[in-house]
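Subject: Handover of a structure

Dear colleague,

Please find below the structure that I am handing over to you. My findings follow directly after it.

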Amino acid sequence: MMKKIFFCVIALFSVLIMSAQSEHQIQIWADGEIADEDYKDAVLHCYLADNPNGKAIIAFPGGGYEYVCMSYEGWDFAPIFNKEGISLFVLNYRLPKGRYTVPMADAEKAMRIVRSHAAEWGINEIGIMGSSAGGHLATTLATHYSDSITRPDFQILLYPVVSMEKMVTHLGSRNALLGNNPDQELVHKYSNEYHVTKDTPRAFIILSAGDKGVNPRNSLNYAQALVDNDVRVDLHMYEGGYHGFGSRESYSEYGQWTGELLYWLRKKK
């Protein structure tokens with residue numbers, strides 16, 4: 001985890017310089033809209049495609065629900081997607097800090113904001129992308145969305161945390177979200193593999209078999225739940241590798257997995 005934090009910080013400085021001219025930000029909660037004191041921390045970073053193809057992605061970076069790695073699991077993907085005509089929105093969601101409903105509230109609000117601007121921004125299909133603990137937030141939205149407005153049209157998951165069950169979950173993410181001793185009802189509610197239905201959006205999942213940070217069973221169990229409910233899923237697990245590769249070109253399968261993802265995104269529903 002410390003290695004991941006180091007790379008996140010280093011990447012942050014370089015990307016801030018590169019992205020300054022191409023993005024705008026939206027504070028997702030207005031003054032007085034919610035009571036939480038940290039409402040201003042929830043910010044949506046917007047990277048609109050110059051020639052939109054109708055698709056948009058809202059990214060939820062990882063960080064174990066203890067920080068949010070906005071760089072290589074977030075805005076570093078902007079050039080890749082924008083080149084394809086896909087607008088990217090990266091959500092700096094609030095950390096739970098004992099409030100397990102807070103990240104989901106931010107995710108749904110971000111979805112509502114993007115949908116409200118869809119016509120203006122040339123968008124007709126909105127997906128989500130979650131990495132690591134951000135993958136847990138993404139699968140929470142994909143399985144617990146409130147209504148048709150907040151339902152994603154598709155989901156992209158990078159080495160996600162999905163389950164809160166002790167033998168499968170990433171314990172740091174579970175503790176940060178639910179606390180050290182959550183009751184089983186809460187564990188079950190946020191173990192998203194249990195809540196897949198036929199209406200869960202289609203999915204693209206990528207991970208490494210050598211992931212020592214998040215058990216691959218999170219992805220495999222979720223993929224099986226999608227299959228069991230006749231939801232289309234494109235699953236890619238590469239041999240070896242590691243956790244948290246994100247947009248790093250140094251990852252040996254970078255060209256392969258990004259190519260597979262773009263191919264999947266180009267396909268019709």
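Helix H3 covers residues 102-116, which makes 15 residues. In this predicted model, the distance from the first C-alpha of H3 to its last is 21 Å, close to the 21 Å expected at 1.5 Å a residue. Of the 15 residues of H3, 11 are buried, so the helix is largely enclosed by the rest of the structure. Among the buried residues are Val102, Pro103, Met104, Ile113 and Val114. The buried set in H3 also includes Asp106, Glu108 and Lys109.

Is serine 219 buried or exposed? Its relative accessible area is 2%; buried means under 20%, so serine 219 counts as buried. Leaving aside residues up to four places away in sequence, serine 219 is in contact with Pro160, Ile205 and Leu207.

On the surface, a nonpolar patch is formed by Leu220, Leu235 and Met237. Together these residues have about 230 Å² of accessible area. Leucine 235 belongs to strand S8, which runs over residues 233-238. With a relative accessible area of 36%, leucine 235 is partly exposed.

The loop between S8 and helix H9 (254-266) holds arginine 248. Arginine 248 has a relative accessible area of 15% and is therefore buried, the cut-off being under 20%. In sequence, arginine 248 and isoleucine 156 are 92 residues apart; in space, their C-alpha atoms are 17 Å apart.

Finally, some values describe the protein chain as a whole. The chain contains nine helices and eight strands. Its radius of gyration is 17 Å, close to the 18 Å that the globule rule gives for 269 residues, so the chain is as compact as a globular protein of that length. The C-alpha trace spans about 45 × 45 × 40 Å along its principal axes. Of the 269 residues, 57% are buried. When contacts between residues at least 6 apart in sequence are considered, 77% join residues at least 24 apart. The protein chain exposes about 11900 Å², and carbon and sulfur atoms supply 52% of this area.

Yours sincerely,

A colleague

Methods. Residues numbered from 1 in each chain as written. Predicted model: local features only at pLDDT ≥ 70, side-chain atom pairs only at ≥ 80, totals over all residues. Heavy atoms only, no water. Helix = DSSP H or I, 4+ residues; strand = E, 2+ residues; numbered from the N terminus. Expected span 1.5 Å × (residues − 1). Buried < 20%, exposed > 50% of the residue type's maximum accessible area, 1.4 Å probe, protein only. Contact = heavy atoms within 4.5 Å. Patch = residues over 30% accessible without salt bridge, like charges linked within 9 Å, V, L, I, M, F, W, Y side chains within 5 Å. Areas by Shrake-Rupley, 256 points an atom, 1.4 Å probe, with all protein chains shown as cover. Salt bridge = Lys/Arg side-chain N within 4 Å of Asp/Glu carboxyl O. Rg over C-alpha atoms; globule rule 2.2 N^0.38 Å.
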